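Good morning, colleagues. May I ask you to look at the model on the screen while I take you through some of its features.

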Amino acid sequence: KKYPMLSEPFDYTSDLKFSLLNPSSFWDQVSNKYNVKWDKKYESVLNFNNCTKKHEWFNGGLINACYNSIDKNIFERDKKDQVAFVHEIPIKKIKYEITYQQIYEKVTLVSRVLKNLGIKKGDFVMVYMHNSFETIASMLACARIGAIHNVIYSGTLVDTLLVNIEDCKPKLILTSTFCFLMDETPYYYLPILKSALDRSKYKPLNVIIFNRKDITDIVPIDIEIDNSLDWDELVNNSNPLLEYEPVEADHPLYLIYTSGTTNKPKGILRETGGHTVALNYITRVYYGLDDGDTFFTGSNIGWICSHTYLVYGCLMVGCKSVFLEGPYNNLSNDMWGIIQRNKVNAFLITPSTARKLRKIDPKGNSTKNFNLTSLSHISIGSERVDKSIHCYLSKLFNQKVIIEYWQTESGYQMIFNHHQIKMKDNSLGKAVPGYQLRVVSMDPNNTSAVKELEPYEIGELVIKLPVPPCCVRSLLNDEDSKLYNHRYIKYDGYFATGDLVYYDNEGYYYFVSRVDDSIHVGCDIINCSIVEGEISNNSNINDCAVIGIKDEVLTEIPLVLLVLKNDEINNGQIEQIKNQILTYILNIIQIGVRFEPIILIVNSLPKNRNGKSLKSLIRSIFNGEKHSIPSNIDNINI
């Protein structure tokens with residue numbers, strides 16, 4: 001009998017077919033092909049119980065993610081003198097580099113510090129630091145000894161930090177003195193951390209403070225935190241920890257909180273074995289990265305993209321990663337300059353950054369002064385991508401820009417427009433190998449049954465079980481499954497994504513909206529994302545949001561917030577634009593009642609640090625409901 005094999009070189013159609021036909025054999029071959037280091041080989045690739053729907057990947061195996069990320073490059077690939085990470089601070093015109101050998105040495109010293117402080121396998125360690133080599137070393141040091149790292153976004157404020165501390169109960173917290181976040185004003189960590197700890201019922205054993213000395217013109221804040229220790233003193237008085245702790249395949253590598261568009265982030269636990277195997281595959285086939293290539297994203301290390309690719313994915317492949325601290329001083333010049341001088345091969349940009357770029361450089365003239373020929377892969381993701389932004393970037397780079405769809409829960413892309421896939425307007429692309437995607441709804445003729453939908457029928461996107469390795473299977477503190485039922489139990493035998501989509505006859509998927517992103521006008525339901533997509537096609541609109549606000553007669557009416565491309569227009573032009581949008585909306589929304597949308601021009605929309613609009617916050621404000629400004633808001637001064 002002839003068994004399928006992983007394609008070499010990568011062939012999308014072949015690998016997708018293989019992964020669906022025999023997922024066990026597929027992922028086993030991935031592990032073997034990319035020489036994933038197992039300290040004890042797994043006894044079975046996949047255990048899946050059809051009755052309970054419980055499943056385990058690489059059961060019986062022992063592995064260490066730090067070895068597979070760092071030691072492997074030193075001892076098996078001889079990459080010790082190659083640059084592993086580049087730290088850019090545009091507002092200070094500073095660039096730091098660190099080699100594989102140097103980051104390895106940092107990791108082994110921090111690992112020893114953690115060990116000396118009694119941190120052991122299974123303990124939670126919170127990392128609340130600036131984007132830096134020390135942050136990355138802290139992540140890998142935790143992985144080295146089997147502790148579970150929880151990297152907090154650099155700009156997290158007191159309330160969210162307090163919730164996270166009491167949720168994961170870290171035995172140790174690592175922090176910095178300051179960072180650059182929104183501008184050149186230093187963002188001080190210690191007052192925020194002290195306030196959170198003073199209010200918290202749970203207290204960590206210790207807090208390690210990294211006192212930054214690289215920026216000499218910043219005045220330090222003198223704040224005492226109980227049981228605090230100095231990073232440099234600990235590291236300088238430690239010997240490197242050369243050994244590492246093999247852990248079970250399902251042992252959590254890290255805890256990460258979702259971006260929280262509903263203001264209720266969930267703590268996701270990522271398993272070590274599946275994460276390591278999956279990233280060895282997807283980093284290569286999706287971004288096209290190979291040993292020695294360079295990846296760049298402006299994403300904070302506290303976000304899933306940087307966990308997945310900037311740190312672990314690139315290290316496992318043997319790449320160089322470029323990351324930012326603080327904002328761009330000049331968006332276009334700084335961004336293109338970073339790509340040019342670092343010879344970036346793969347670049348990930350968010351729609352929010354792209355909209356800012358389009359506003360200041362609508363014709364893309366700034367690229368003419370830079371050599372961007374190193375770029376072979378450009379992705380846009382983290383929120384819905386409207387057609388106008390995608391067209392702008394495609395013309396700007398004069399090459400295919402790939403729209404990516406995934407979630408913090410999935411760990412890596414679920415749908416993509418790979419270079420081997422023909423691009424279709426407004427499509428997210430096709431399923432990533434490993435994902436058995438379906439579009440479903442509850443069967444109207446049998447309310448206990450799930451109906452898989454046909455092409456062009458709108459329903460919820462789901463993953464047919466078992467989910468592939470790396471996709472989340474557990475949440476922190478969710479023993480009674482209250483939070484997780486809506487994912488694994490909503491549809492029997494499927495993992496629910498919470499997104500409405502449809503697919504066409506060729507297997508291309510099209511995003512419609514979040515399941516809950518709709519408003520009720522009389523007896524009719526209006527899908528906000530569809531309306532927003534149409535509005536975004538207007539040449540005057542840079543960004544928009546449609547929200548339902550309370551109405552005594554119709555239940556809700558649409559509130560439309562518009563961000564213009566050009567701020568310098570007169571009142572007459574503004575009224576003309578608003579009338580255009582009103583006509584758009586009334587033509588798009590064909591319902592059985594008369595209604596009058598409220599249309600407002602705003603400077604910007606409130607968004608979280610991941611670029612997603614905080615619609616629930618906007619809705620609460622306009623409905624006069626009690627609300628609080630979430631600490632994950634990106635633009636608090638709008």
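This is a predicted model: local features need pLDDT of at least 70, side-chain atom pairs count only at pLDDT 80 or more; totals for chains, interfaces and linings use all residues.

Asp78 is exposed, with a relative accessible area of 58%; exposed means over 50%, buried under 20%, and partly exposed in between, with a 1.4 Å probe and protein chains only. Asp78 sits in the loop between helix 3 and strand 5 (83-89). Helices (H or I, at least four residues) and strands (E, at least two) are DSSP runs, numbered from the N terminus. Although Asp78 is not a glycine, its phi is positive, at about 55°.

Residues are numbered from 1 along each chain as its sequence is written, and side-chain values use heavy atoms, with hydrogens and water left out.

Which other residue has a positive phi of about 55° although it is not a glycine? Asn35 does. Asn35 belongs to the loop between helix 2 (23-33) and strand 1, and at 52% relative accessibility it counts as exposed. As background, most residues other than glycine have a negative phi, and most peptide bonds are trans.

The bond from Glu8 to Pro9 is cis, with omega near 0°, and Pro9 lies in the segment before helix 1 (12-21). Leu465 and Pro466 are likewise joined by a cis peptide bond, with omega about 5°. Pro466 is placed in the loop between strand 26 and helix 14 (485-488).

Let me return to helix 3. Is this helix largely enclosed or left open by the rest of the structure? Ten of the eleven residues of helix 3 (residues 65-75) are buried, so the helix is largely enclosed by the rest of the structure. Among the buried residues are Cys66, Tyr67, Asp71 and Lys72. The elements that cover the buried residues include strand 4, helix 4 (100-116), helix 5 (133-145), strand 15 (252-257), helix 9 (272-287) and helix 10 (304-317).

Three strands form an open sheet in the order 1-4-14, with antiparallel pairing; two strands pair if DSSP finds at least two bridges between them. Strand 1 (38-40) and strand 14 (247-248) are the edge strands, each pairing on one side only. Two bridges connect strand 1 with strand 4 (residues 62-63) in the antiparallel sense, and Lys40 stands opposite Leu62.

Leu62 counts as partly exposed, at 25% relative accessibility. Leaving aside neighbours within four places in sequence, Leu62 is in contact (heavy atoms within 4.5 Å) with Trp38, Asp39, Lys40, Pro246, Val247 and Glu248. By contrast, the C-alpha atoms of Leu62 and Cys544, 482 residues apart along the chain, are separated by 49 Å.

A further open sheet has nine strands in the order 6-5-18-17-19-20-21-22-23, and its pairing is mixed. Its edge strands are strand 6 (94-99) and strand 23 (430-431), each of which pairs on one side only. Within this order, strand 21 (residues 401-405) and strand 22 (residues 415-416) run antiparallel and are joined by two bridges, with Tyr405 opposite Ile415. Ser382 is found in the loop between strand 20 (377-380) and helix 13 (387-397), and at 23% relative accessibility it counts as partly exposed. The C-alpha atoms of Ser382 and Ser352 are 9.2 Å apart, although 30 residues separate them along the chain.

Strand 24 (residues 437-442) pairs with strand 26 (residues 459-464) through four bridges, running antiparallel, and Arg438 stands opposite Val462. Strand 24 also pairs in the antiparallel sense with strand 25 (residues 450-452), over three bridges; there Val440 stands opposite Glu452.

Finally, the protein as a whole. There are 17 helices and 33 strands. The radius of gyration is 24 Å, close to the 26 Å that the globule rule gives for 638 residues, so the protein is as compact as a globular protein of that length; the radius is taken over C-alpha atoms, and the rule is 2.2 Å times the number of residues to the power 0.38. Of the 638 residues, 59% count as buried. Among contacts between residues at least 6 apart in sequence, 69% join residues at least 24 apart.
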